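Hi there,

I am passing a structure on to you, and my notes on it follow below. Please open it beside this email and read along.

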Amino acid sequence: MYNFEFKNPSTIADAVAALAGEDAQALGGGQTLIPTMKQRLASPATLVSLGGIPELKGVCVEDDGSIAIGAATTHATVAREVADKYPALADLAGHIGDPAVRNRGTIGGSLANNDPAACYPAAVLGSGAAVVTNARQIPADDYFQGMFTTALEEGEIITSVRFPVPQAASYQKFLQPASRFALVGVFLARFADGVRVAVTGASEDGVFRWTEAEQALNKEFRPDALMDLRVNPMNMIGDLHGSKEYRAHLVGVMTRRAVQACI
Amino acid sequence: MPKDSGIGASSKRREDVRFLTGAGNYTDDINIRGQAYVYFLRSDIAHGRIKSIDTSAAESMPGVVRVFTGKDFEGVGGMPCGWEVTDKHGAPMQEPPHPILAQGKVRHVGDPIAAVVADSLEQARDAAEAIDVDIEELPAVLDMKAAAEEGAPLVHDDLKNNICYDWQLGEADDDKVNEVFSNAAHVTTLELVNNRLVANPMEPRVAVAEYSRGTDEYTLYTTSQNPHVIRLLMCAFVLGLPEHKVRVVAPDVGGGFGTKIFHYAEEAFCTFAAKACNRPVKWTASRSEAFMSDAQGRDHVSKIELALDADNNFVGLRTHTYANLGAYLSTFSSSVPTWLHGTLMAGNYKTPVIQVNVRAMFTNTVPVDAYRGAGRPEATYQLERVIDKAARELGVDPVALRRQNFITQFPYDTPVALTYDTGDYNGTMDKLEQAADFAGFPARRAESEARGKLRGLGVNCYIEACGIAPSNIVGMLGARAGLYDAATVRVNATGSISVMVGAHSHGQGHETAFPQVVADMIGIDESMIEIVHGDTSKIPFGMGTYGSRSLAVCGSAMVKATEKVIAKAKKIAAHLLEASEADIELKDGQFTVAGTDKSVAWGDVTLTAYVPHNFPLEVEPGLEETAFYDPANFTFPAGAYACEVEVDPETGQVTIERFTAADDFGNIINPMIVDGQVHGGIGQGIGQALLENCVYDENGQLLSASFMDYAMPRADDVPFYTVDHSSQTPCTHNPLGVKGCGEAGAIGSPPAVVNAVIDALQSGGKAVDHIDMPVSPSRVWAAMNS
């Protein structure tokens with residue numbers, strides 16, 4: 001690790017100001033950034049911790065019934081606090097990494113990084129959540145823009161994520177055997193106005209909505225409705241843990257299992 | 001009634017108290033005042049010619065003590081290979097030099113090019129980044145078959161090709177072997193890969209060296225399974241140092257699994273640099289360095305053919321194996337695919353004609369050497385997979401086919417150079433059938449099928465040659481070392497005992513099990529006995545721990561030394577009791593005169609030995625004896641394993657539902673420790689079978705270079721094991737009748753897992769007769785859908 005300046009602001013405004021400095025980088029839970037820095041693959045001049053800002057932490061229910069989760073809230077806290085309100089989201093948060101990761105890693109950090117195999121992007125896109133920043137509110141459909149790429153501007157900080165609560169939802173994760181990230185993860189949420197299906201781990205373009213499956217399920221919400229559907233393997237990730245074809249196949253299997261779990 | 005102490009008791013592991021309370025003392029815990037830190041600049045390309053190295057900028061960086069390159073080591077030797085294999089034409093293997101730091105070429109990703117010694121690790125690393133290395137990249141040699149072809153790029157320019165040796169064992173007459181196969185009623189052929197593994201002990205390698213100008217003495221603290229071997233190799237072959245001026249200490253070691261047997265360049269470097277810099281020097285491997293510098297395991301590509309007669313008797317076996325040695329010869333690498341592999345191809349079966357062919361290859365990959373089982377898992381996997389395939393082709397029960405061909409008469413001379421002293425393979429299989437509840441399998445399969453899962457039962461046998469071995473025999477086979485071991489039993493005046501042993505404990509529980517033996521022999525409490533190991537200044541010259549040899553070889557030396565101690569103590573007791581030495585008996589820590597009530601306690605005799613006021617004049621004072629023990633033969637643990645898996649037909653995911661091991665380890669000192677050894681071995685075997693795979697891309701870049709891509713088995717990947725070691729045929733040639741248990745699990749489990757997966761798939765109507773390990777979900781799915 002190279003030397004760096006460390007700043008620990010206690011307000012969003014101070015954090016935004018600190019991030020305006022040259023080569024400054026926001027630090028969430030550090031579960032990706034710190035190992036990367038230790039390997040000397042990242043070398044920010046200044047790290048701005050978002051862990052000391054009280055208004056970024058915690059879970060609350062808004063007037064419209066949606067759940068707002070502060071960006072610096074750890075996975076373990078989410079798993080505990082939304083267990084009654086949004087069980088599928090709690091289940092997802094409770095199965096990220098291991099206990100050490102879950103007690104350090106944050107939802108904002110995960111979304112800002114947008115790892116193509118991370119779990120949270122599937123929940124956010126699958127729920128049709130809104131990513132709230134210090135400057136604006138970004139709908140999930142606009143937020144994810146490909147592997148490790150998001151709609152965030154330079155210096156923009158995620159402050160919270162607002163999840164509408166579906167009638168039923170399920171996250172089905174097929175584990176990559178080594179990292180235990182999602183080889184394929186499918187988050188399915190059923191709302192009064194339709195079904196959303198978001199897939200992580202599988203695509204070279206990062207998390208995506210499987211719209212054909214959504215349309216089929218809107219007509220008929222049962223696993224068999226998907227039997228003839230298949231995502232195109234062309235855009236899937238192929239690596240030593242699974243070919244493009246295998247991932248495409250798993251998208252179907254995991255989606256059907258998610259439907260089954262919601263019935 | 002289980003015993004509560006001594007031989008046969010499940011005494012709790014006393015060493016665990018310090019390990020579990022954070023009081024262990026590992027090499028990285030050792031810090032010497034004034035120490036400097038080493039950072040190795042390693043090649044990030046697999047094969048290239050070094051055109052220039054400019055260290056001038058690095059040398060002027062803050063904190064830098066000195067920068068070393070290959071030039072600094074032109075005057076010293078390279079890393080030696082401890083076993084010279086003779087090829088099938090009688091020529092010695094090709095043996096290229098293995099420099100401490102690269103000279104002329106880099107030959108694998110991770111090959112050290114330069115080393116920076118600095119006040120801090122970060123400074124050393126900063127300076128290493130300032131070293132300017134110009135390397136002309138060359139085509140990487142990776143595929144073993146392509147590497148053997150005429151005109152292939154050469155890993156070592158001075159060798160005639162990339163073939164280290166073409167070796168053969170068993171029937172040398174090809175015509176005779178061909179005749180057996182052409183006359184056979186059935187021939188089963190299987191081509192398979194034994195996947196390359198990274199040992200990944202929890203503790204990465206570490207070396208800390210210091211040099212004393214005052215005494216001209218060196219001390220090297222290192223993560224080793226065999227400190228005397230390291231001292232001998234480093235002093236005699238690499239650095240040219242007098243052995244008596246060098247102390248090598250291997251303190252607590254956090255797992256070895258074979259990869260800490262070998263003498264590594266980093267150990268020699270730190271020892272050399274400690275004098276050159278006149279400062280203690282420390283190196284601690286990162287996990288990334290472990291992936292690209294610890295010797296790796298397995299990596300065989302084999303074709304095996306089994307010939308059967310019309311009655312399903314095995315009549316011939318032939319194998320052709322390509323064995324990957326990596327870029328350089330690691331310490332015992334040459335022996336693994338040959339004498340530790342070819343000799344095991346008879347397995348538990350009386351196949352009359354066997355021919356083993358092994359072609360060992362240099363490639364631009366990390367060196368490959370012994371890893372838990374070392375050659376024997378590769379042999380067992382081939383044999384037990386081809387037998388399983390033969391049973392399926394012939395439509396016979398795989399267990400019955402094995403039983404029909406078991407060796408039943410002992411001693412048994414195999415066609416591949418071994419003499420099995422004892423065994424009872426049918427008896428062990430009986431234990432397995434019972435413990436694994438074969439009878440209940442159909443009901444369990446039906447239950448799985450009701451849940452949409454395919455269930456399979458896989459069975460296999462194994463035999464291993466452990467307790468390596470008679471020095472005269474291994475010498476004839478090319479070993480450049482003896483393979484005895486040694487123990488000193490030092491009785492203190494107050495009766496407590498320190499036993500200094502050549503074996504090294506790094507998970508095996510010697511500190512608990514060895515005292516059980518001595519305690520039993522004398523009749524005193526185990527707590528009175530302490531095992532000392534891992535320090536060449538404290539222990540007699542021993543060869544260390546690997547090949548499941550510690551108890552069979554070093555334990556035998558300890559028994560011999562204890563017998564000498566007892567014999568001398570009896571002389572002293574006879575003097576004190578005014579009786580004839582021949583009439584003295586030792587029981588429960590009391591010396592008695594046979595047929596009388598006269599007795600003297602162990603402690604009184606030991607005190608007399610050191611306060612010899614009333615002492616036999618012809619006896620020397622003191623009570624301390626050393627014994628060296630060179631075994632008369634290998635030991636032959638054997639067993640039968642059963643694995644039950646469920647396969648998810650939609651995803652290809654395999655889960656292990658039951659795993660049963662029936663082992664014959666001969667006599668057992670501590671059943672709990674034996675259970676633990678078997679559990680650990682099976683865990684690693686399941687890791688190989690389902691998860692672990694070391695993969696290079698076409699340029700020689702390591703794709704599985706971290707735990708993000710190299711899948712280690714975790715607790716939820718393995719089931720609760722059933723382990724039965726009640727089948728016991730004691731070894732006939734060592735005093736304890738023990739055989740060794742450290743590697744059995746890793747040898748016996750991979751074929752059981754793969755056989756079970758194939759059984760599951762075939763039960764579901766899938767025409768799959770083989771899947772290479774690791775049997776990952778994607779591979780199972782691909783096989784089901786091909």
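**Where chain A and chain B meet**

The contact is made by 24 residues of chain B and 23 residues of chain A. Please keep in mind that this is a predicted model.

How much area do the two chains bury between them? The size of an interface is often given as the accessible area lost when the parts come together. Here chain B and chain A bury about 1900 Å², and 48% of that is on carbon and sulfur atoms.

Next, the charged pairs. Eight salt bridges are found across the interface of chain B and chain A.

Which helices of chain B supply at least two residues each to the side that touches chain A? They are helix 3 (121-129) and helix 19 (777-784). Helix 3 of chain B gives the largest share of that side, four residues. Sorted by class, the side of chain B that touches chain A holds nine nonpolar, five polar and ten charged residues.

**One residue in chain A**

Now have a look at Gln137(A), which sits in strand 7 (residues 137-139) of chain A. Leaving aside neighbours within four places in sequence, Gln137(A) is in contact with Ala130(A), Val131(A), Val132(A) and Arg162(A). Val161(A) is 24 residues from Gln137(A) in sequence, and their C-alpha atoms are 9.1 Å apart in space.

Happy exploring!

Note on methods
Residues numbered from 1 in each chain as written. Chains lettered and ligands numbered in written order. Predicted model: local features only at pLDDT ≥ 70, side-chain atom pairs only at ≥ 80, totals over all residues. Heavy atoms only, no water. Contact = heavy atoms within 4.5 Å. Buried area = accessible area lost by both parts, 1.4 Å probe. Salt bridge = Lys/Arg side-chain N within 4 Å of Asp/Glu carboxyl O. Nonpolar A, V, L, I, M, F, W, Y, C, P; charged D, E, K, R; others polar.
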